[in-house]
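Please open the structure alongside this note. Work through the points in order and find each residue as you go.

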Amino acid sequence: MSTTHDQFLADFATMSGFGATPGGGVDRQAGTPADHATRAWFSQWLAEHGYTETVDEAGNQFGTVELVPGAPYVLVGSHLDSQPLAGRYDGAYGVLAAAHAVARVAAEAKAGNLEPAYNLAVVNWFNEEGSRFAPSMMGSGVFTGKLQLTDALATADPAGTTVAQALAAGHRAPDANAPVLAQVARYAEIHIEQGRNLEESGTQVGIVDRTWAASKYRVTVDGAQSHTGATRMEDRRDALFGAALVIAAGRELAAEFEPGMLHTSVSELYVLPNSPVTIARQVLMNLDLRSPDESVLALAMERLDKRITDAEADSRTDIRLDLTHNWGVVSYQPAGATLGRTSAESLGYSHTDVMTVAGHDSTNMKDVVPTVMLFVPSVEGISHNEAEYTRDDDALRGVELLTEVTRRLVRGELEED
């Protein structure tokens, strides 16, 4: 194993100590002390490796390297925040891989071993996960203009702390020198697959060419608060029962389609008044439907509407779905995917085109700049779990691939579509 490989693994082990959990994962939700501690460590790492650190008003943390004065940036990165009791790799691997890749390419440029057309920058996007502050992909959403900065800063967590307050508790205030979208020419990101397709097929790397379609809803179930014992069964308007019917309907719906064509889930329940002797008057929850086929997603919603009507009648509740996120099957730029394949082939890595089921900051960035998105295998597809794991050889292979992609991007090899 090379010295650069040893150093990456050592840095990853150190980074994984921030917010470490007994089960071998991490818990560093956006804007928490553990997240700030990780950002502070990364700040020191950037300084030690020749980067200039800047932070924008949305909390995005950048390290820049000037190679061509006045030129735009090739931006590479991911996120350091996590879900609760999550794995070490989701997001954080991509940030550190980007930092190592950019540092190596910058050194090659400064040594005269390549002719750069662009400057280089690495980014840690704020609040990609959206577990503490909704929505997810917040930092890149603001950066790309999909989310207003004022709305993001005013977003509060369940305890009432706003994003602005959480950021103010961090290690570095925003400054006027952080890159803006107009200064970014190309974007690249590497991530663990969070699925098991690469592992099962024995493929070394994935080149992301499309996203799954998705529809996400905030579900409100309104009933009537009453006594759990004294209220007659026929008089009950139990919001929790209504919610349970929706949850079951969503899960059963997935079985009505071919395997792999529809993923459904319900998450983040808030039950009011949440008392042991009181029937719930209201339940709030998230409903998530995803498919690689937009027609399947549309049909699934038609069928779910009927089931929700039945759930209202059976539980004597009112159920409302408010759409919070919606996107179709969207392609990454073909030229970016081609560059990813060419890079993998030049290194002798087996590769395949894959669709991303999960959302990533690259799904925001691809809509505004040419983007390359890469995957490395996840053991058993486990993610958002302390047991999340990517083998060292796969992780190191990903760093090499991202370095080659960055090298080609900074030389200006990617042609505009």
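1. How do the residues of the lining of the second largest pocket divide into nonpolar, polar and charged? There are 5 nonpolar, 5 polar and 3 charged. Ala, Val, Leu, Ile, Met, Phe, Trp, Tyr, Cys and Pro count as nonpolar; Asp, Glu, Lys and Arg count as charged; the others, Gly among them, count as polar.

2. Some ground rules come next. This is a predicted model, in which local features need pLDDT of at least 70 and side-chain atom pairs count only at pLDDT 80 or more, while totals for chains, interfaces and linings use all residues. Residues are numbered from 1 along each chain as its sequence is written, and side-chain values use heavy atoms, with hydrogens and water left out.

3. Back to the second largest pocket. Its volume is about 270 Å³. Of its 13 lining residues, M137, K146, H325, W327 and N364 are the closest to its centre. Helices (H or I, at least four residues) and strands (E, at least two) are DSSP runs, numbered from the N terminus. On a 1 Å grid over the protein atoms alone, a pocket is an open set of points with protein on both sides within 12 Å along at least five of seven lines; a cavity is a set where a 1.4 Å probe fits but cannot get out; lining residues have an atom within 4 Å of a point. Points are joined across faces, edges and corners, and a volume is the space filled by probe spheres set on them.

4. Now the cavity. The structure holds 1 cavity of 30 Å³ or more. About 40 Å³ of space lies in the largest cavity. Its lining consists of T4, H5, F8, H100, R104 and V399. By class, that lining has 2 nonpolar, 3 polar and 1 charged residues. Both α1 (3-15) and α3 (92-110) supply at least two residues. The largest share, 3 residues, comes from α1.

5. Look at α1 itself. This helix has 13 residues and reaches 18 Å from its first C-alpha to its last, close to the 18 Å expected. The expected span is 1.5 Å times one less than the number of residues. Which residues of α1 are buried? They are H5, F8, L9, D11, F12 and M15. The arc is that of the directions from the helix axis to the C-beta atoms. On the other side of α1, T3 and A13 are exposed. Buried means under 20% relative accessible area, exposed over 50%, and partly exposed in between (1.4 Å probe, protein chains only). The buried residues of α1 pack against α2 (33-48), α3 and α12 (392-410); contact means heavy atoms within 4.5 Å.

6. Compare α9 (residues 294-315). It has 22 residues and reaches 31 Å, close to the 32 Å expected. Its buried residues are V296, L297, A300, M301, L304, I308, A311 and S315. They cover an arc of only 125° around the axis, which puts them on the same side of α9. On the other side, E302, K306 and A313 are exposed. The buried residues of α9 pack against β7 (213-222), α8 (239-254), β11 (282-291) and β12 (318-327). R316 follows α9, with a positive phi near 55°.

7. Finish with E258. This residue lies in the loop between α8 and β9 (263-272). E258 counts as exposed because its relative accessibility is 60%. E258 and V296 are 38 residues apart in sequence and 9.9 Å apart in space, C-alpha to C-alpha.
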